[in-house]
Amino acid sequence: MKMKQNLSLILVLATAFTAGAQTKKANNSAAKPVQAYTVGNKKVSVYVTAQNSDLRIRKTETLNFATNKQPFETEPCIFIDPTVKYQTLVGIGGALTDASAETFAKLSKKNQDELMEKYYNPNSGIGYTLARTNIASCDFSSGSYSYVQDNDKELKTFSVAHDEEFKIPLIKKAIKAAGGKLPLYVSPWSPPSWMKDNNNVLGGGHLLPEYRQSWANHYVKFIKTYESMGMPIWGLTVQNEPMAKQKWESCIYTAEEERDFIKNFLGPTLHKSGLASKKLIAWDHNRDQIFQRASTILNDKDAAKYVWGIGFHWYETWTGSNMQFGNVKQTHEAYPDKALIFTEGCKEKYDVTKLDDWTLGERYGNSMINDFNSGTAAWTDWNILLDENGGPNHVGNFCFAPVHADVKSDKLIYTNAFYYMGHFSKFIRPGAKRIGSASSRDKLEATAFINTDGKIAVVVMNQSNEKLKYSLWIKGEAATTTSLPRSITTLVIE
């Protein structure tokens, strides 16, 4: 009798447990309610930068919404849906390289202060919120250098004394100008020459197997040294451009080599050293091979557990390709739990006669809109500042920057790229969520974010030579404006 009672009790408990599990499963799978969005009395502030004008992130008008339940096909629209949300913005910024620091040091204090304000103040400037710097030398250094002496496998001679003259002072000034907080991530261009199979920091080569642990320890030494000097490190990339055999500092990792270095050396070393919170970024090269690299690394759970995100550049164009945004989107869709970060881009082949070329800024605008719409969470330009020659650069790889300094005349030259980037960084702040946006005309490219304070920033770019009238449409309400030829506009809804 007692056995029958126990059996009945077990059946009752089992039934209750199963019912509870089914209810829980049903609750977890149920669609979450979407918070409604109403336009109400909101207004739209319009900020414009346009070719053949003096408009540079200038407020030109304030728009009001009017009822427009269903636009016709003949009415160009940018459709916005704030209830559809995507990735969260980490930040937008630029690289604080040796070249930027050396050029900065040659400016008068007045121009140094102006540059810091223009880049990092969100009110009087464009409010950068992210930075990158190089670990040891890169092409944008005046020469090659290392932090350790030859054959010092134990890194006992490790010192960043080289950086104390120019780079560290610039980084500290940028952090101060940004209000005391500026997430900084770091990237190596090459291990020391004696750690490589070509015995040279230049020209590619591979990290020798016997130095993998020593090289992993080198990242830790750098991060902890910089942090002890008052520069918090937010993250790091494994290797700048790991598939590029360059005439400057470079080192080759196949996808499998990078995967194995992460899972067997760099990842465990960061964790054992108390640096598990640092954001580890793989790839850090062009969009053309981003999916192949991501799939090789992230399909290995022992490597993937250490990786925060995948970094990429825009230089796939050197092969004759257009920018391959589809590869970025596919990577995001395949690995939605990993962040995407644009880690570097600039216009190559510096030409002083083209500082006013309007396509400089348009390249930034086109890339940023499409990268964000493909799932990118952070976007970092290359050098924040270069001199009148597009350097300094120790291998003659001179390039454009958003700002150039004529150091001979102590003059700052702001290219339109500075303003194009500002249309994003000034109005889209860390923590903002990308929201639904769609353009009904291919001549108007757009992306949109809602900030943590509820303000919506919509960026619209027009690369055509036409004036294009369009409406910003949200939930049956529309505000109408005109996009100037060759312009970029940020519309702030508040």
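Predicted model: local features only at pLDDT ≥ 70, side-chain atom pairs only at ≥ 80, totals over all residues.
Visitor: Which feature does UniProt place at residues 431-491?
Guide: UniProt positions use the numbering used here, feature names are shortened, and annotations may be inferred rather than shown by experiment. The entry is unreviewed.

Visitor: How many residues of helix α11 are buried?
Guide: Buried means under 20% relative accessible area, exposed over 50%, and partly exposed in between (1.4 Å probe, protein chains only). Helix α11 spans residues 416-425 and is mostly covered. Among its buried residues are Phe 418, Tyr 419 and Tyr 420. The count for α11 is 10 of 10.

Visitor: How many salt bridges are there?
Guide: A salt bridge is a side-chain nitrogen of Lys or Arg within 4 Å of a carboxyl oxygen of Asp or Glu. By this rule the count is 18.

Visitor: Arg 287 meets which residue in a salt bridge?
Guide: The N to O distance of this pair is 2.9 Å, and the partner of Arg 287 is Asp 371. Arg 287 sits in the loop between β9 (279-286) and α7 (290-298), while its partner sits in helix α10 (residues 359-373), 84 residues apart. Both residues are buried. The answer is Asp 371.

Visitor: Why does the pair of Arg 486 and Glu 362 tie together separate parts of the chain?
Guide: Their side chains meet in a salt bridge of 2.6 Å, N to O. Arg 486 lies in the loop between β20 (477-483) and β21 (487-493) and Glu 362 in helix α10, so the pair joins parts whose separation in sequence is 124 residues.

Visitor: Is Glu 466 buried or partly exposed?
Guide: Glu 466 forms a salt bridge with Lys 443 (2.2 Å, N to O). These two residues are 23 residues apart. Lys 443 has 38% relative accessibility, so it counts as partly exposed. Glu 466 has 36%, so Glu 466 counts as partly exposed.

Conventions:
Residues numbered from 1 in each chain as written. Heavy atoms only, no water. Helix = DSSP H or I, 4+ residues; strand = E, 2+ residues; numbered from the N terminus.
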